[in-house]
Amino acid sequence: MLSKSKLLFLPLLLSLLLSASAIAENTTEEPVPEPKLTLSPEICITSADQETCDIEVTLNWQAETNKTVCIISDYKDLNKWCSSSPNIHSFSVNISATRDIQFVMIDKDTHETIAGVKLKVTQASPPQVRRRYRNPWSLF
Amino acid sequence: MPLFFVLLLAASLFFGVGVAKASTNCENNTDCIEVGRWDIGLALGYGMKSNPLKDFDDIPIYAVPTLAYYGESWFFDNGNIGYTLAEGENFTINLITTFSNDSAFFHRWDPSNIFLLSGDNTQSAIAPMASTMKAFDTPDERAIGELKNRNFTYLGGAEAFIYTRFGIVHASLAHDILDVHGGFESRLKWFYNIPLDRWNFEFAAVLDWKSEEVVDYYYGVRPSESFYWSQAYQAESALNKSIEFTGQYVLTKNWNLLLVARYTDIADEIAESPLLDKGYTTTYFVSAAYRF
């Protein structure tokens, strides 16, 4: 017959073993890199006088190295660009835009969407004006 | 006129009270002003403001400065101080201080004339020491001696603007706040802007009402000046009528060409004063204006 103390010990040992195996499983699994597309710069601020944003932006990604990607966008001069090699991880383009531009990275072969990023085009706050109640050149 | 102003004010209030950030249509650089920034300008050219007072010189104009500052609610505009009580897309109601333009005929350096700089200080609007009203068949009792001072005063009151597609209506009512004459002045003005490319034309029609106290103080005759005329001329409230034209041509961001013209038909109640020999006054000014 097992003593009372042994009866208590066995379940404890069992639970410890189970948890240890679970930890071992986690540590052996390869971390899956999140497909990430970044943009630099992310915001373009236009002056009050000039409404158009003229800037060179660079897209960077660190997707799976074995994938060749394409960049598509709603910018009129860049409907689609595809990298020639899976080793390419950046792309630069000159932008001349008055509104936000959405970039989407897709798998060149499967057309699966991998990631997306947006360039925000913002106009600098114009100076606050109000009505003027007198003609500046009124003669009294 | 005050009754009309009250009605106009009531109509404005009907549209809804509450200081609002009205959407303003700034079609040219005279419609709007940047908040929190001094607007400073100077127009150099030539013009003349005729003086309806007998024996008083016309006022030459060589330079017209402009100076304005608008805060969120307060504003200073060429000597006028104001506070915006309520503003909407179609209306504005302001408390204002302004000044009488009648004293300007008596004093060359009256604040009303500060914005009309003469290059020749010897050409004063102040009359010779005594102004006379002698005629071949008039006795000496009709002679007017040296005039007493007709002082400048500030007026305080309220004004309303109504913005319509047919132009802007401006109505104001103000009372003498320095107790110089204790009178009221009221104004009803309609003006219409026509911006055409680099040109801007503004046409205006103005009714200026002055209470009896105002007319009597500036155009009445004191017994010490002429006992006869102090009895013969009795001041009454009066309504002057004016038309104005301002034409601007934008040369550059800072430079404008400017033409300002005004004709005022002086009310009979004022024109009948023995101090006047004309029933009208005209002003014109042609210049190049620079805004800093």
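Q: Which residue lies over the face of B:Phe191?
A: In this predicted model, B:Lys189 does, at 5.0 Å from the ring centre.

Q: Where does the charged end of A:Arg131 sit?
A: Over the ring of B:Tyr163, 3.7 Å from its centre. Here the charge comes from chain A and the ring from chain B.

Q: Which cluster do ring pairs make with B:Tyr163?
A: Ring pairs link B:Tyr163 with A:Tyr133, B:Tyr70, B:Phe75 and B:Phe161.

Q: How many aromatic pairs does the structure hold?
A: Over all chains, 29. One of them joins B:Phe106 and B:Tyr219. Their centres are 6.2 Å apart, with 45° between the planes, and the pair is tilted.

Q: Are B:Phe106 and B:Tyr219 buried or exposed?
A: Both are buried.

Q: What kind of pair do B:Tyr228 and B:Trp229 form?
A: Read the angle between the planes. Planes over 60 degrees apart count as edge-to-face. For B:Tyr228 and B:Trp229 the angle is 80°, so the pair is edge-to-face. The ring centres are 5.1 Å apart.

Q: How is the accessibility of B:Tyr228 and B:Trp229 read?
A: Buried means under 20% relative accessible area. B:Trp229, at 17%, counts as buried. B:Tyr228 has 23% and is partly exposed.

Q: Which residues have the most contacts inside the largest nonpolar core?
A: They are B:Leu53, B:Phe106, B:Val215, B:Tyr219, B:Ile270, B:Leu275 and B:Leu276. This core has 21 residues. Its largest share, five residues, comes from helix H3 (residues 212-219) of chain B.

Q: How is the size of an interface often given?
A: As the accessible area lost when the parts come together. Chain B and chain A bury about 2900 Å² between them. Carbon and sulfur atoms account for 55% of it. The contact takes 58 residues from chain B and 13 residues from chain A.

Q: How many salt bridges are counted between chain B and chain A?
A: Four. B:Glu159 forms a salt bridge with A:Arg134. The closest N and O atoms of that bridge are 2.9 Å apart.

Conventions: Residues are numbered from 1 along each chain as its sequence is written. Chains are lettered from A and ligands numbered from 1 in the order in which they are written. This is a predicted model: local features need pLDDT of at least 70, side-chain atom pairs count only at pLDDT 80 or more; totals for chains, interfaces and linings use all residues. Side-chain values use heavy atoms; hydrogens and water are left out. A nonpolar core is a set of buried Ala, Val, Leu, Ile, Met, Phe, Trp, Tyr and Cys residues joined through side-chain atoms within 4.5 Å. Buried means under 20% relative accessible area, exposed over 50%, partly exposed in between (1.4 Å probe, protein chains only). Helices (H or I, at least four residues) and strands (E, at least two) are DSSP runs, numbered from the N terminus. Rings of Phe, Tyr and Trp (its six-membered ring) pair if their centres lie within 6.5 Å; planes under 30 degrees apart count as stacked, over 60 as edge-to-face and the rest as tilted. A charge sits over a ring if NZ of Lys or CZ of Arg is within 6 Å of the ring centre and within 35 degrees of the ring normal. Contact means heavy atoms within 4.5 Å. Buried area is the accessible area (1.4 Å probe) that two parts lose on being put together, summed over both. A salt bridge is a side-chain nitrogen of Lys or Arg within 4 Å of a carboxyl oxygen of Asp or Glu.
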